[in-house]
2 protein chains.
Amino acid sequence: MAKARQFVVLALRIATAAAAGVAAIVMATSHKTTTVFGVQVQAKFQYTPSFVFFVAANIVACAYSLLALLVPPASPAARHVLVADAVLGMVLTGAAAAAAAISALGKNGNSHAGWQPICGLVPTFCDHVTGALACGFVAVVLHLLVVLHSIYTMNS
Amino acid sequence: MAKARQFVVLALRIATAAAAGVAAIVMATSHKTTTVFGVQVQAKFQYTPSFVFFVAANIVACAYSLLALLVPPASPAARHVLVADAVLGMVLTGAAAAAAAISALGKNGNSHAGWQPICGLVPTFCDHVTGALACGFVAVVLHLLVVLHSIYTMNS
(Lines give C-alpha, C1' and ligand atoms only; values in the text may rest on other atoms or scores of the structure.)
Protein backbone atom coordinates (compact mmCIF):
# COMPACT_ATOMS: atom_id res chain seq x y z
CA MET A 1 0.00 0.00 0.00
CA ALA A 2 2.80 2.38 0.98
CA LYS A 3 4.70 1.41 -2.18
CA ALA A 4 1.62 2.11 -4.34
CA ARG A 5 1.22 5.54 -2.72
CA GLN A 6 4.88 6.35 -3.30
CA PHE A 7 4.51 5.37 -6.95
CA VAL A 8 1.43 7.63 -7.37
CA VAL A 9 3.30 10.62 -5.92
CA LEU A 10 6.39 9.82 -8.03
CA ALA A 11 4.30 9.63 -11.23
CA LEU A 12 2.32 12.79 -10.42
CA ARG A 13 5.42 14.84 -9.55
CA ILE A 14 7.29 13.75 -12.70
CA ALA A 15 4.20 14.51 -14.82
CA THR A 16 3.86 17.94 -13.14
CA ALA A 17 7.55 18.67 -13.77
CA ALA A 18 7.17 17.63 -17.42
CA ALA A 19 4.02 19.72 -17.99
CA ALA A 20 5.52 22.79 -16.26
CA GLY A 21 8.82 22.38 -18.11
CA VAL A 22 7.07 22.13 -21.49
CA ALA A 23 4.85 25.12 -20.61
CA ALA A 24 7.93 27.23 -19.79
CA ILE A 25 9.80 26.16 -22.95
CA VAL A 26 6.82 26.69 -25.29
CA MET A 27 6.12 30.15 -23.82
CA ALA A 28 9.82 31.13 -23.79
CA THR A 29 10.21 30.20 -27.47
CA SER A 30 7.11 32.12 -28.59
CA HIS A 31 8.19 35.03 -30.76
CA LYS A 32 7.03 36.16 -34.16
CA THR A 33 7.99 38.98 -36.50
CA THR A 34 5.45 40.18 -39.03
CA THR A 35 4.98 43.20 -41.32
CA VAL A 36 1.87 45.38 -41.00
CA PHE A 37 1.42 48.18 -43.57
CA GLY A 38 5.15 48.03 -44.33
CA VAL A 39 6.08 48.33 -40.61
CA GLN A 40 7.86 45.41 -38.95
CA VAL A 41 6.02 44.25 -35.82
CA GLN A 42 7.63 41.90 -33.29
CA ALA A 43 5.71 39.76 -30.79
CA LYS A 44 7.78 38.30 -27.94
CA PHE A 45 6.80 36.83 -24.58
CA GLN A 46 9.30 39.22 -22.91
CA TYR A 47 7.08 42.18 -23.89
CA THR A 48 4.35 41.01 -21.47
CA PRO A 49 5.21 40.86 -17.73
CA SER A 50 2.51 38.19 -17.13
CA PHE A 51 4.14 35.87 -19.68
CA VAL A 52 7.58 36.38 -18.06
CA PHE A 53 6.00 35.54 -14.66
CA PHE A 54 4.43 32.45 -16.27
CA VAL A 55 7.81 31.22 -17.55
CA ALA A 56 9.52 31.88 -14.18
CA ALA A 57 6.77 30.16 -12.14
CA ASN A 58 6.77 27.10 -14.40
CA ILE A 59 10.59 26.77 -14.28
CA VAL A 60 10.37 26.90 -10.45
CA ALA A 61 7.51 24.35 -10.45
CA CYS A 62 9.47 22.01 -12.74
CA ALA A 63 12.63 22.16 -10.59
CA TYR A 64 10.70 21.96 -7.30
CA SER A 65 8.61 18.93 -8.39
CA LEU A 66 11.81 16.98 -9.12
CA LEU A 67 13.60 18.14 -5.93
CA ALA A 68 10.56 17.23 -3.77
CA LEU A 69 11.03 13.60 -4.84
CA LEU A 70 14.20 13.52 -2.71
CA VAL A 71 12.13 13.93 0.51
CA PRO A 72 10.92 10.54 1.87
CA PRO A 73 7.07 10.59 2.20
CA ALA A 74 6.99 9.43 5.84
CA SER A 75 9.77 11.76 7.06
CA PRO A 76 9.13 14.68 9.45
CA ALA A 77 9.91 17.03 6.54
CA ALA A 78 6.81 15.77 4.64
CA ARG A 79 4.66 18.40 6.39
CA HIS A 80 7.00 21.20 5.27
CA VAL A 81 6.86 19.80 1.73
CA LEU A 82 3.04 19.95 1.85
CA VAL A 83 3.26 23.61 2.92
CA ALA A 84 5.65 24.34 0.02
CA ASP A 85 3.26 22.42 -2.27
CA ALA A 86 0.33 24.59 -1.16
CA VAL A 87 2.29 27.83 -1.72
CA LEU A 88 3.60 26.66 -5.12
CA GLY A 89 0.05 25.66 -6.14
CA MET A 90 -1.12 29.21 -5.50
CA VAL A 91 1.84 30.80 -7.33
CA LEU A 92 1.46 28.44 -10.31
CA THR A 93 -2.29 29.12 -10.56
CA GLY A 94 -1.69 32.87 -10.27
CA ALA A 95 0.88 32.76 -13.09
CA ALA A 96 -1.41 30.70 -15.35
CA ALA A 97 -4.42 32.94 -14.63
CA ALA A 98 -2.51 36.19 -15.26
CA ALA A 99 -1.10 34.84 -18.54
CA ALA A 100 -4.55 33.56 -19.56
CA ALA A 101 -6.09 37.01 -18.87
CA ILE A 102 -3.57 38.71 -21.17
CA SER A 103 -3.86 35.93 -23.77
CA ALA A 104 -7.66 36.36 -23.85
CA LEU A 105 -7.14 40.09 -24.34
CA GLY A 106 -4.83 39.37 -27.28
CA LYS A 107 -7.54 37.19 -28.84
CA ASN A 108 -10.65 39.26 -28.10
CA GLY A 109 -9.35 42.73 -27.26
CA ASN A 110 -11.43 45.02 -25.03
CA SER A 111 -13.45 47.56 -26.99
CA HIS A 112 -14.37 49.51 -23.83
CA ALA A 113 -10.68 50.19 -23.10
CA GLY A 114 -9.83 50.69 -26.78
CA TRP A 115 -7.52 47.64 -26.78
CA GLN A 116 -7.63 45.90 -30.16
CA PRO A 117 -7.12 42.14 -30.54
CA ILE A 118 -3.67 41.36 -31.97
CA CYS A 119 -3.97 37.64 -32.74
CA GLY A 120 -5.11 38.42 -36.28
CA LEU A 121 -1.67 40.01 -36.89
CA VAL A 122 0.46 37.35 -35.17
CA PRO A 123 -1.63 34.13 -35.20
CA THR A 124 1.31 31.72 -34.76
CA PHE A 125 2.49 33.70 -31.71
CA CYS A 126 -1.00 33.39 -30.19
CA ASP A 127 -1.14 29.66 -30.98
CA HIS A 128 2.22 29.23 -29.25
CA VAL A 129 0.95 31.11 -26.17
CA THR A 130 -2.27 29.04 -26.15
CA GLY A 131 -0.20 25.83 -26.25
CA ALA A 132 1.95 27.05 -23.35
CA LEU A 133 -1.19 27.94 -21.35
CA ALA A 134 -2.70 24.50 -21.98
CA CYS A 135 0.47 22.86 -20.61
CA GLY A 136 0.49 25.35 -17.72
CA PHE A 137 -3.08 24.44 -16.71
CA VAL A 138 -2.28 20.71 -16.99
CA ALA A 139 0.64 21.37 -14.59
CA VAL A 140 -1.76 23.19 -12.20
CA VAL A 141 -4.22 20.24 -12.19
CA LEU A 142 -1.44 17.65 -11.72
CA HIS A 143 0.08 19.70 -8.90
CA LEU A 144 -3.34 19.98 -7.25
CA LEU A 145 -3.61 16.17 -7.37
CA VAL A 146 -0.22 15.96 -5.58
CA VAL A 147 -1.53 18.32 -2.87
CA LEU A 148 -4.80 16.36 -2.46
CA HIS A 149 -2.92 13.04 -2.32
CA SER A 150 -0.53 14.44 0.33
CA ILE A 151 -3.41 15.76 2.46
CA TYR A 152 -5.33 12.47 2.37
CA THR A 153 -2.30 10.29 3.09
CA MET A 154 -0.62 12.44 5.76
CA ASN A 155 -0.43 10.63 9.13
CA SER A 156 -2.81 7.90 8.03
CA MET B 1 -3.63 24.81 23.65
CA ALA B 2 -6.55 23.46 21.58
CA LYS B 3 -8.63 26.51 22.57
CA ALA B 4 -5.85 28.86 21.47
CA ARG B 5 -5.61 27.05 18.12
CA GLN B 6 -9.35 27.27 17.61
CA PHE B 7 -9.23 31.00 18.34
CA VAL B 8 -6.42 31.53 15.79
CA VAL B 9 -8.42 29.73 13.06
CA LEU B 10 -11.58 31.62 14.02
CA ALA B 11 -9.79 34.99 13.83
CA LEU B 12 -8.02 34.14 10.56
CA ARG B 13 -11.21 32.88 8.87
CA ILE B 14 -13.23 35.93 9.93
CA ALA B 15 -10.43 38.24 8.77
CA THR B 16 -10.24 36.38 5.42
CA ALA B 17 -14.02 36.65 5.00
CA ALA B 18 -13.88 40.38 5.79
CA ALA B 19 -10.99 41.09 3.38
CA ALA B 20 -12.58 39.04 0.57
CA GLY B 21 -15.98 40.63 1.18
CA VAL B 22 -14.53 44.16 1.08
CA ALA B 23 -12.51 43.26 -2.05
CA ALA B 24 -15.68 42.05 -3.83
CA ILE B 25 -17.71 45.10 -2.77
CA VAL B 26 -15.00 47.64 -3.71
CA MET B 27 -14.49 46.01 -7.13
CA ALA B 28 -18.25 45.62 -7.75
CA THR B 29 -18.88 49.31 -7.02
CA SER B 30 -16.07 50.55 -9.27
CA HIS B 31 -17.58 52.43 -12.19
CA LYS B 32 -16.83 55.82 -13.64
CA THR B 33 -18.22 57.88 -16.48
CA THR B 34 -16.02 60.52 -18.07
CA THR B 35 -16.02 62.63 -21.24
CA VAL B 36 -13.08 62.42 -23.66
CA PHE B 37 -13.10 64.83 -26.64
CA GLY B 38 -16.85 65.26 -26.21
CA VAL B 39 -17.47 61.49 -26.18
CA GLN B 40 -18.85 59.88 -23.04
CA VAL B 41 -16.63 57.02 -21.84
CA GLN B 42 -17.81 54.53 -19.21
CA ALA B 43 -15.51 52.36 -17.12
CA LYS B 44 -17.19 49.45 -15.30
CA PHE B 45 -15.80 46.28 -13.75
CA GLN B 46 -18.33 44.25 -15.82
CA TYR B 47 -16.47 45.22 -19.00
CA THR B 48 -13.45 43.13 -17.94
CA PRO B 49 -13.94 39.35 -17.50
CA SER B 50 -10.99 39.15 -15.06
CA PHE B 51 -12.65 41.71 -12.76
CA VAL B 52 -15.95 39.76 -12.86
CA PHE B 53 -14.02 36.56 -11.96
CA PHE B 54 -12.32 38.51 -9.13
CA VAL B 55 -15.69 39.57 -7.68
CA ALA B 56 -17.14 36.04 -7.98
CA ALA B 57 -14.07 34.37 -6.41
CA ASN B 58 -14.02 36.81 -3.49
CA ILE B 59 -17.76 36.36 -2.82
CA VAL B 60 -17.23 32.58 -2.74
CA ALA B 61 -14.16 32.99 -0.47
CA CYS B 62 -16.12 35.25 1.91
CA ALA B 63 -19.08 32.84 2.18
CA TYR B 64 -16.85 29.74 2.39
CA SER B 65 -14.63 31.20 5.14
CA LEU B 66 -17.69 31.77 7.33
CA LEU B 67 -19.28 28.37 6.54
CA ALA B 68 -15.99 26.56 7.27
CA LEU B 69 -16.25 27.80 10.87
CA LEU B 70 -19.18 25.42 11.35
CA VAL B 71 -16.88 22.38 10.95
CA PRO B 72 -15.25 21.35 14.29
CA PRO B 73 -11.42 21.37 13.89
CA ALA B 74 -10.90 17.83 15.27
CA SER B 75 -13.74 16.22 13.26
CA PRO B 76 -13.13 13.70 10.44
CA ALA B 77 -14.39 16.36 8.02
CA ALA B 78 -11.38 18.60 8.86
CA ARG B 79 -9.30 16.87 6.16
CA HIS B 80 -11.97 17.60 3.51
CA VAL B 81 -12.04 21.23 4.69
CA LEU B 82 -8.25 21.42 4.21
CA VAL B 83 -8.70 20.10 0.65
CA ALA B 84 -11.37 22.72 -0.03
CA ASP B 85 -9.05 25.34 1.54
CA ALA B 86 -6.22 24.34 -0.82
CA VAL B 87 -8.48 24.54 -3.90
CA LEU B 88 -9.99 27.87 -2.80
CA GLY B 89 -6.48 29.25 -2.19
CA MET B 90 -5.56 28.48 -5.78
CA VAL B 91 -8.79 29.95 -7.22
CA LEU B 92 -8.49 33.10 -5.08
CA THR B 93 -4.85 33.62 -6.10
CA GLY B 94 -5.75 33.05 -9.76
CA ALA B 95 -8.53 35.64 -9.58
CA ALA B 96 -6.29 38.22 -7.87
CA ALA B 97 -3.43 37.60 -10.33
CA ALA B 98 -5.67 37.86 -13.42
CA ALA B 99 -7.25 41.09 -12.14
CA ALA B 100 -3.80 42.47 -11.24
CA ALA B 101 -2.50 41.69 -14.76
CA ILE B 102 -5.35 43.66 -16.36
CA SER B 103 -5.06 46.45 -13.78
CA ALA B 104 -1.32 46.81 -14.55
CA LEU B 105 -2.20 47.01 -18.24
CA GLY B 106 -4.69 49.81 -17.49
CA LYS B 107 -1.97 51.73 -15.66
CA ASN B 108 1.03 51.11 -17.96
CA GLY B 109 -0.50 49.94 -21.25
CA ASN B 110 1.58 47.74 -23.56
CA SER B 111 3.19 49.71 -26.39
CA HIS B 112 4.22 46.53 -28.24
CA ALA B 113 0.58 45.44 -28.51
CA GLY B 114 -0.65 49.00 -29.17
CA TRP B 115 -2.68 48.99 -25.93
CA GLN B 116 -2.73 52.47 -24.39
CA PRO B 117 -2.95 53.05 -20.62
CA ILE B 118 -6.44 54.22 -19.62
CA CYS B 119 -5.90 55.26 -15.99
CA GLY B 120 -5.16 58.83 -17.10
CA LEU B 121 -8.77 59.03 -18.39
CA VAL B 122 -10.50 57.32 -15.45
CA PRO B 123 -8.16 57.75 -12.44
CA THR B 124 -10.83 57.22 -9.77
CA PHE B 125 -11.89 53.93 -11.43
CA CYS B 126 -8.27 52.76 -11.36
CA ASP B 127 -7.89 53.80 -7.71
CA HIS B 128 -11.03 51.80 -6.89
CA VAL B 129 -9.66 48.73 -8.68
CA THR B 130 -6.28 49.13 -6.92
CA GLY B 131 -8.06 49.26 -3.54
CA ALA B 132 -10.04 46.12 -4.39
CA LEU B 133 -6.83 44.33 -5.47
CA ALA B 134 -5.08 45.30 -2.22
CA CYS B 135 -7.96 43.78 -0.20
CA GLY B 136 -7.94 40.74 -2.51
CA PHE B 137 -4.24 40.10 -1.89
CA VAL B 138 -4.74 40.56 1.88
CA ALA B 139 -7.48 37.87 1.63
CA VAL B 140 -5.03 35.59 -0.26
CA VAL B 141 -2.35 35.98 2.44
CA LEU B 142 -4.83 35.44 5.30
CA HIS B 143 -6.27 32.38 3.56
CA LEU B 144 -2.74 31.02 3.07
CA LEU B 145 -2.16 31.41 6.83
CA VAL B 146 -5.35 29.36 7.46
CA VAL B 147 -4.01 26.61 5.15
CA LEU B 148 -0.56 26.61 6.83
CA HIS B 149 -2.13 26.54 10.30
CA SER B 150 -4.38 23.61 9.29
CA ILE B 151 -1.43 21.64 7.83
CA TYR B 152 0.75 22.11 10.92
CA THR B 153 -2.01 21.29 13.41
CA MET B 154 -3.61 18.35 11.59
CA ASN B 155 -3.31 15.07 13.59
CA SER B 156 -0.77 16.55 16.00
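How many disulfides are there over all chains? I counted two. I note at the outset that the model is predicted.

**Entry: the disulfide in chain A**

I looked up the cysteine pair in chain A and found that A:Cys119 and A:Cys126 form a disulfide. Their sulfur atoms are 1.9 Å apart, and the cut-off for a disulfide is 2.5 Å. I then took the torsion about the S-S bond of A:Cys119 and A:Cys126, which is about -85 degrees, so I logged this disulfide as left-handed.

**Entry: elements and extent of chain A**

I listed four helices and two strands in chain A. Read from the N terminus, the order of the elements is α-β-β-α-α-α. For the extent, I noted that the C-alpha atoms of chain A fill a box of roughly 65 × 30 × 20 Å along the principal axes.

**Entry: α2(A) against α3(A)**

I took helix α2 of chain A, residues 49-67, with helix α3 of chain A, residues 78-108. The two pack at an angle of about 150 degrees, and their axes are 9 Å apart. Angles over 145 degrees count as roughly antiparallel, and I therefore recorded α2(A) and α3(A) as roughly antiparallel to each other. The residues of this contact divide into 17 nonpolar, four polar and one charged. I also noted that α2(A) passes α3(A) in a left-handed crossing.

**Entry: α2(A) against α4(A)**

Next I paired α2(A) with helix α4 of chain A, residues 123-153. Here the packing angle is about 40 degrees and the axes are 11 Å apart. α2(A) and α4(A) are therefore oblique to each other. The crossing of α2(A) past α4(A) is left-handed.

I looked up which residues make the contact. From α2(A) they are A:Phe51, A:Phe54, A:Asn58 and A:Tyr64. From α4(A) they are A:Phe125, A:Val129, A:Ala132, A:Leu133, A:Gly136, A:Ala139 and A:His143. By class, the residues of the contact of α2(A) with α4(A) are eight nonpolar, three polar and no charged.

**Entry: chain B on chain A**

I checked how chain B is laid on chain A. A turn of 180 degrees with a shift of 0.0 Å along the axis does it, at an RMSD of 0.0 Å. The two copies are thus related as by a two-fold rotation axis.

Through which surface do the copies meet? I found that 100% of the interface residues of chain B are also interface residues in chain A, so the copies meet through the same surface.

Note on methods. Residues numbered from 1 in each chain as written. Chains lettered and ligands numbered in written order. Predicted model: local features only at pLDDT ≥ 70, side-chain atom pairs only at ≥ 80, totals over all residues. Heavy atoms only, no water. Axes fitted to C-alpha atoms, helices over the stretch in contact; angles between N-to-C directions. Parallel < 35°, antiparallel > 145°, perpendicular 65-115°, else oblique. Left-handed = near helix turned anticlockwise from the far one by under 90°. Nonpolar A, V, L, I, M, F, W, Y, C, P; charged D, E, K, R; others polar. Least-squares fit on C-alpha atoms with pLDDT ≥ 70 in both. Contact = heavy atoms within 4.5 Å.
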